[in-house]
Amino acid sequence: MNSKQVRSTFLEFFRSKGHAVVSSAPMVVKNDPTLMFTNAGMNQFKDIFLGNEHAQNKRVADTQKCLRVSGKHNDLEEVGRDTYHHTMFEMLGNWSFGDYFKKDAIEWAWELLHKIYALPADRLYATVFDGATDDGTEKDHEALECWKRCLPKERILSGSKKDNFWEMGEVGPCGPCSEIHIDLRDDEERAKIDGASLVNTGHPQVIEIWNLVFMQFNRKADGSLEPLPAKHVDTGMGFERLCMALQGKKSNYDTDIFQPIIAEISKLSGKKYGEEPDVDIAMRVVADHLRALSFSIADGQLPSNVKAGYVIRRILRRAVRYGYSFLGFDEPFICKLVPVLVAEMGEAFPELVEQKALVEKVIGEEEASFLRTLGTGIRMLEKLTEENKTKGATSISGIDAFTLYDTYGFPPDLTELILQENNMTMNKKEFDVEMQKQKDRARNAGAQETGDWTILAEGDTAFVGYDFTDCDCRILRFRQVKQKSKEFYQIVLDKTPFYAEMGGQVGDKGKLTRTDGVIINIFDTKKDNNLSVHLTDKLPEDLSGIFRAEVDVEKRVAIECNHTATHLLHEALREVLGSHVEQKGSFVSSEVLRFDFSHFQKLSDEEIREIEKHVTAKIRENIPLDETREMPINEAKKAGATALFGEKYGDKVRVVRFGSSVELCGGTHISSTGRIGSFRVLSESSIAAGIRRIEAITAEACERYFYFMQDTIRDIRAMFNNTPNLAQALKKLFDEDAELRKAVEDFRKEKIIGLKNELKANVRNINGINAFVFQGHYPPDAIKDVALQLRSEFPERYFFAAGCEAEGKPSLILALSDDLVNDGLNASQIIRSAAKHIQGGGGGQAHFATAGGKNIDGLAAAMDEIVALI
């Protein structure tokens, strides 16, 4: 079977077993604070397992795109070195939500693998949970009895809690699991060593292909287990590994999933796969990372320096550096592989086809940027190498190597490679210490300790915030959260007008008030696994009774003005710039709105003005809000509703209309566009390749902005005697300033020429050396120019030392000819020693160095020390 047949066979098999086949969720996670990327097939069903959402279908199957770059077996730096681990991978899965359990799950898995896919039974092994004394859990006898009907007992293995007990996190649903492993070794090897002894040992040909998880417990915050009211099945099968098994390969990279990409890399690089180990690793890294990058960008995650964007940037840079170091690429090349990936996977994942141009553009520009960074890093490393060699050292500091990595993105393995070519090393221990410090900082920054829910009453939350900004409610449950040094509480209500942060719109603030005067201030409202949680700093002891929930109306109205304005802005952008414009992200608060969109060039002032006019016209029309709370998704799309890329919608959606603007949206909006009042763009900029960002304001924020501008212009005009033509007055001022600056520069040049001539006239001969020694009140930059000019005029036996005073600060400058450097003098070392007299520091190269300090009184002593050397 080719990979497309493998995928469709799985889905059709479970469709025949009564499963609803659903589409993959985006790989980039939007509304889960515990995840940046989908890392398992079950992520999109998490709320069902947690009891926050009811399952529309009791049986579901899909193929889910996943990304893993950390954790067990998923260190990013190891991907490509073996043959079966990846960053991005597909997870084939089937689920039961309170329907079938172990018997059907195991029997169907066996039927599909052995009877449909025809994998040999004598190569398959199953593991079952052996129990754990610390949890008081017994061996999974039910799963064992099911497997006995499929496999002989010698191929049913007992597994520890580490390998055969699956947990969603530190708390939450969990349970025993049965892994299915396959032995892909040659018959000769199998005859020598029993495959059972190699299961879960990391052997590249004895691998897990399917994990059947049986969720039957809930892990509480104190570590104890309690039975779940409904038992679920969650299975995940590695698509790439399955293809390897079915296609008779020994490596995932040898399957038809990766070979077209590797063939294109080979064609572009002129190198063959399978001849050199380093080249092979590089091709596997690039092929794997291409998939991770393309799917992430297509799902809306652009490379950046924070959170998920930083992960994507790290993956891209790793691929670039392997291409640079081992494949000979010194210009963007990964972007040229995107069409091959789209041809292979676009049918199963149409978002790749739709976002192909954007993916190519973003990857290409990121590659070009990092290749420039590599060039800068190489020059900095060469300087470090030269400085350390001059000192007689054979290694560079691990702290310096870490700075290259952390600040400039220069990879440590490339640092080691370049150092080896210069017979040097880096202090790996120091580097590892700095890396661990960084990891600890990141871990502590994101550390959150969450207590168990204290349940006061059972029930679900009803959101009434589309219609009301206050309502009566009861508290259903609460829990304490500790994050860094801060403690706060999360509250769940039976009914709430508070909008929980989602879709770019910030959460509501407000208060809960009880008739006895008790007030609970709500400082934010968030989504936690589809549960609306209200955040407060403190709680009263008694939480019973009816509370009045009241949203901060002033802030809510400002948020709604900005949110509705984003819809009008989106439509205006498409009308002014073209239908290629797509929303790529947004942020809506009470103060400002940000709107990210696809467009490949900077907007002109005229285009921005035209966009403002379009939005303002819609505001003046005073168009009323027209919403449909629940519309079938297909009907909504037929009605022309704009869906956002990177979002997964349910079968029913909310449609928001303001005249010709029609969008799928779950946020709150102003009742009519006229209430927005006014709209102005504050800035327009690029945030990534092919992605622009507009920041704008509306309503009262616009008024404040206009007042500020009026006051500023009035104050400036007053400086020019209230001239009626302010622009002309400013131009005259700038012209005069430019003329004066030129005159100052000419005067400076004359003084430098005069100083240079004076120094030449007073050159001293000290032991056959042309010594230029100067101390006085001059800007250091001017003296540097003189030193370098004289050095070109005196190529041999040249020694220039200067002590300068400027703006109350001392500085030292030393320049040497190459022959004096060859005789053993080193400007950098000399200047560092002399700088102690002026309470400063400095450095440079062997032939030219500078230093700055704080103690002017030490200049004479510093100059004496320098001159004494000759």
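Predicted model: local features only at pLDDT ≥ 70, side-chain atom pairs only at ≥ 80, totals over all residues.

Visitor: Okay, which residue lies over the face of Tyr253?
Guide: The cut-off for the distance to the ring centre is 6 Å. Here the distance is 5.9 Å, and the residue over the face of Tyr253 is Arg284.

Visitor: And how far is Lys486 from the ring centre of Phe523?
Guide: Lys486 is another charge over a ring, lying over the face of Phe523. Its distance from the ring centre is 4.4 Å.

Visitor: Is Lys756 buried or exposed?
Guide: Lys756 is found in helix α21, residues 726–761. Buried means under 20% relative accessible area. Lys756 comes in at 14%, so the word is buried.

Visitor: Which residue's side chain is joined to that of Lys756 by a polar contact?
Guide: Leaving aside neighbours within four places in sequence, Lys756 is in contact with Val786, Gln789, Leu790 and Glu793. The polar contact between side chains is 3.0 Å, and the partner is Glu793.

Visitor: How do the rings of Phe329 and Phe333 pair: stacked or edge-to-face?
Guide: Planes under 30 degrees apart count as stacked. For Phe329 and Phe333 the centres are 4.0 Å apart and the angle between the planes is 5°, which makes the pair stacked.

Technical notes: Residues numbered from 1 in each chain as written. Heavy atoms only, no water. Helix = DSSP H or I, 4+ residues; strand = E, 2+ residues; numbered from the N terminus. Buried < 20%, exposed > 50% of the residue type's maximum accessible area, 1.4 Å probe, protein only. Polar contact = N/O pair within 3.5 Å; in protein donor to acceptor, adjacent residues only side chain to side chain. Contact = heavy atoms within 4.5 Å. Phe/Tyr/Trp six-rings, centres within 6.5 Å; stacked < 30°, edge-to-face > 60°. Lys NZ or Arg CZ within 6 Å of the ring centre and 35° of its normal.
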